[in-house]
Amino acid sequence: MATRDIEKSISELHELLVHKDVSSTELTNAYIDRIHNVDPDLQAYLTVLEDQALAQAAEVDSKIAQGEVLSSLEGIPMAMKDNMCTEGVRTSCASKMLENFIPPYNATVTDRLRAAGTILLGKLNMDEFAMGSSTENSYFAKTRNPWDMEYVPGGSSGGAAVAVAADEAAFALGSDTGGSIRQPAAFCGVVGMKPTYGAVSRYGLIAYASSLDQIGPLTKTVRDNALVMNAIAGYDPRDSTSVPYEKPDYTKFLVNDIKGLKIGIPREYYGEGIDPDVAKGIQSGIRTLIDLGAEVAECSLPHTEYAIPAYYLIATAEASSNLARYDGVRYGYRAEAADVLGMFKTTRAEGFGPEVKRRIMLGTYALSSGYYDAYYLKAQKVRTLIKQDFDQAFEKFDILLSPTAPTPAFKFGEKSANPLAMYLSDITTVPINLAGIPAISIPAGFVKGLPIGMQLMGKAFDEGTLYRAAYTFEQTTNYHTLKPNLSGEVLARGSR
Ligand code: GLN
């Protein structure tokens, strides 16, 4: 009965496929039905690819019929944030500017997931050009949090987190420039990994801030996350910032043992603005880890308070440069006007939403002559100090731990009128992107019925230790097994 299978993990689905308990076509149909049933309310998807998905599933089924051995992701239905290029399929970045943009090529992650045999169900909603923390900045739709529809799902990968949490896909890919995988994962109760900068190719990811952007998986379990990383990570000559490192088999780290693991608790992440109930929830997670044998001690990342200003200067500076290409000439939206200058101006005035314009202006200002040294250069120096804070902490600790976000999900409109309040909600995630290190968010409990996430941060290219700690925590907790009931009540998996 494929209708119940949609809530299973990738590894469980793989077993079902291998044992012919379900076909990839049945599974794909079950997800498509689920999308038809719940997405009119949740609005996680911007594009659903029914025919293409069923054709891909039929290919996998014929392999199964011929007795071929299935690899771990073959036949698994998934979806991608709408800022990763998909050949022949609209890639809009949730912007009017790219409303009709059909890329002539695939992102590397698209190619790799295709090569791994996954089924692409569709493209997911997001904040326009990945700028935001609530998905309210999408030009197209308001994605709702399945745990309570009056609340935002987080952002900018809100569609990705909701698709996984509400069983509209077995897994999803998001992108994270300052928290956009981890924060929506926390708000929706799923697992989200922001890999080390350079670990996953950015080729074909529509750029927001190139020195910070990374693609990563949102999944139901830690094991699923490692399986997807196995498929998407690794050197890519088409991305000049891709690092030629020895990619491990990430599933090798899934051992239920953290005895002696040294965990640092940066005290700056528990300061002002942190909801006391979130802090309490994370404390109880820390006690669980101590009981499991971890050695936990407080530490300090003294430059944390400068992370938000440094991030919002560097990210906007890079965005202003990356978004200069949308001028109505080459591709994307074009407005009619009397002369060419008028065409440029009107195209950009009509094609971009208010948050994108705000950031282009901020970034252009920070880069302008006379202000460059005072803002952009200064922010780059602060970035180095933040990275050094982490380097020093990792001399003593294997991983660091904090809440993923200072609060649980907030209500629609609660922060959208005040950009600064929205920016401050990124305090626990942006330092990680500035330092280029990996971090994972895992379900760690509930505050007033809404999920909260625990963030584990690691050394560059040490995703493995994060998976080990996350997996061990997951084995002794049941948060990841709870599902939102779309009428509001919390259900255990399998009881829908
Ligand atoms: N919320 C942050 C911002 O608005 C991070 C976004 C992201 O990671 N793409 O920039």
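Start by selecting helix α12 (residues 354-367) and helix α13 (residues 372-396), whose axes come within 6 Å and cross at roughly 105°. Axes here are lines fitted to C-alpha atoms, for helices over the stretch in contact, and angles run from 0 to 180 degrees between N-to-C directions. Helices are DSSP runs of H or I with at least four residues, strands are runs of E with at least two, and both are numbered from the N terminus. α12 and α13 are therefore roughly perpendicular to each other (65 to 115 degrees counts as roughly perpendicular).

Show the side chains where the two helices meet. Tyr365, Ala366 and Leu367 in α12 are in contact with Tyr372, Tyr375 and Tyr376 in α13 (contact means heavy atoms within 4.5 Å). This contact has six nonpolar, no polar and no charged residues. Ala, Val, Leu, Ile, Met, Phe, Trp, Tyr, Cys and Pro count as nonpolar, Asp, Glu, Lys and Arg as charged, and the others, Gly among them, as polar.

This is a predicted model, in which local features need pLDDT of at least 70 and side-chain atom pairs count only at pLDDT 80 or more, while totals for chains, interfaces and linings use all residues. Residues are numbered from 1 along each chain as its sequence is written, and side-chain values use heavy atoms, with hydrogens and water left out.

Next, go to the loop between β3 (119-124) and α6 (158-165), where serine 156 is found. The peptide bond from glycine 155 to serine 156 is cis, with omega near 5°. Phenylalanine 129 is also in the loop between β3 and α6. Its phi is positive, about 55°, although phenylalanine 129 is not a glycine. Most residues other than glycine have a negative phi, and most peptide bonds are trans.

Finally, zoom out: the protein has 16 helices and 13 strands.

Notes. Angles under 35 degrees count as roughly parallel, over 145 as roughly antiparallel, 65 to 115 as roughly perpendicular and the rest as oblique.
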